[in-house]
Amino acid sequence: MKIVDIRAHESLLPKQDKNWKFALAASGMSEGWIVSIHAEDGTIGYGYASSMAHYGAPHETVGGALNRLFKHVKGKDSRQIATIMDDLDHVMIGNNQAKAGIDCALHDLQARQLGIQICDLFGGPATREIHSLRILPIKSPADMAKNARTLANKGVRHFKIKVHGEVDEDVARVAAVRKEVGPDMHLTVDANQSYAPKDAIRALTRMAEYNIDLAEQPVNAMDLIGLKTVTAAVPVTVEADEAAYSLDQVMTLVRERMVDAISLKISKLGGLRKTYAAAMICQAGGVRYRLGAHSGPQLLAAHGLQLAAALPGIWYSSELTEFDGLAEDPWEGLDLREGVLRLTDAVGCGVLPKAGSNLPLKGN
Ligand SMILES: [Mg+2]
């Protein structure tokens, strides 16, 4: 089916918490671009290109990359996803955020035309329920504990405590959240690269007393030897996030066994196909994987859910429900209840623009 049009629509969505911050930035807004791909029969596929600057490219750059890449998509046969994405890798190096938006929209279009779900394109649903891991942005220990209580009351059982490289303060954050939510809840920490290796070892060894399941990216993304050193030294599963920003980086981390686990994200890896490939590399190399923070509207989470459902090897809860923290979301269709995201029977990625959102729907 011929692709007759492809468009980018700006998506700037304020969060409920205007003071949301983590170790790399303050971020009260979820920034990105919606990609819509229009086939000649009127079917539309949707994808989301995240433009959070810490992924490498800021908002305007992702928008510019999309417009350059669109010329290589328009007029093509929409079924030839592999060929189109391979071509995009030849005409532009990197820019995975933009490519992810196009890859997701192509898969959505394909699934809608076939009347199936995207997960059916990746082997079908191995699971229909994904437990939600929710992020606690950096605040005082008492305020983070309070936020954890609010989420626990909504049914959330997995929490990610953002920390920022100050050992004593960060241990106090973990202690406060553990005290508030009790022993049965699952806690993880994410330093977003903010520790020196020895501080990371000191912090994680102390945090382990509060029973944390996972520690994300403790040291600088470029410091692979530091990352490997921390992984070997602490009694906690260490996960790479910022160090795994492309498929070749995932390959290096797995081949050298530098971490215990890797956080996979559609936006940083360049789409569903490459994220699936990264999962297979992890599986083959004995490194754990799950889907990390898919921060954005329901559209991005919907693509994450479709892929997560088709990956039986995911070892831990994934982060597909940050849309719940947006002030408003122009998308609808996801089923989130009691901290669990459930696969529905809706075709494609499973969500559509809300009426009145100014996003294109079939026929307009
Ligand atoms: Mg992270």
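User: Which domains is the chain divided into?
Analyst: Happy to start there. This is a predicted model, in which local features need pLDDT of at least 70 and side-chain atom pairs count only at pLDDT 80 or more, while totals for chains, interfaces and linings use all residues. Residues are numbered from 1 along each chain as its sequence is written. Domain bounds come from an automatic or database domain assignment, and they give domain 1 (3–115) and domain 2 (121–353).

User: How many residues of domain 1 are in contact with domain 2?
Analyst: The centres of the two domains, taken over C-alpha atoms, are separated by 22 Å. Two residues are in contact if their C-beta atoms, placed from the backbone, lie within 7 Å. On the domain 2 side 34 residues take part, and on the domain 1 side the number is 33.

User: Which element gives the most to the side of domain 1 that touches domain 2?
Analyst: Helices (H or I, at least four residues) and strands (E, at least two) are DSSP runs, numbered from the N terminus. Strand 1 (3–14), strand 2 (21–22), strand 4 (29–39), strand 5 (44–50) and helix 3 each supply at least two residues of this side. With eleven residues, the element that gives the most is helix 3.

User: How do the residues of that side of domain 1 divide into nonpolar, polar and charged?
Analyst: Ala, Val, Leu, Ile, Met, Phe, Trp, Tyr, Cys and Pro count as nonpolar, Asp, Glu, Lys and Arg as charged, and the others, Gly among them, as polar. For the side of domain 1 that touches domain 2, the division is 15 nonpolar, eleven polar and seven charged.

User: Are helix 1 and helix 3 parallel or oblique to each other?
Analyst: Axes are lines fitted to C-alpha atoms, for helices over the stretch in contact, and angles run from 0 to 180 degrees between N-to-C directions. The axes of helix 1 (residues 59–70) and helix 3 (residues 96–114) come within 8 Å and cross at roughly 55 degrees. Angles under 35 degrees count as roughly parallel, over 145 as roughly antiparallel, 65 to 115 as roughly perpendicular and the rest as oblique. Helix 1 and helix 3 are therefore oblique.

User: Which residues in helix 3 meet helix 1?
Analyst: From helix 1 come Val 62, Ala 65, Leu 66 and Leu 69. The residues of this contact divide into six nonpolar, two polar and no charged. The partners in helix 3 are Gln 97, Ala 98, Gly 101 and Ile 102.

User: Which strands stand at the edges of the three-stranded sheet?
Analyst: This open sheet has the order 6-16-15, with antiparallel pairing. Each edge strand has a single partner strand, so one side of each is left without a neighbour in the sheet; they are strand 6 (129–131) and strand 15 (335–337).

User: What is the bridge partner of Arg 337 in strand 16?
Analyst: Strand 15 and strand 16 (residues 340–342) run antiparallel and are joined by three bridges. In strand 16, the partner of Arg 337 is Val 340.

Note on methods:
Two strands pair if DSSP finds at least two bridges between them.
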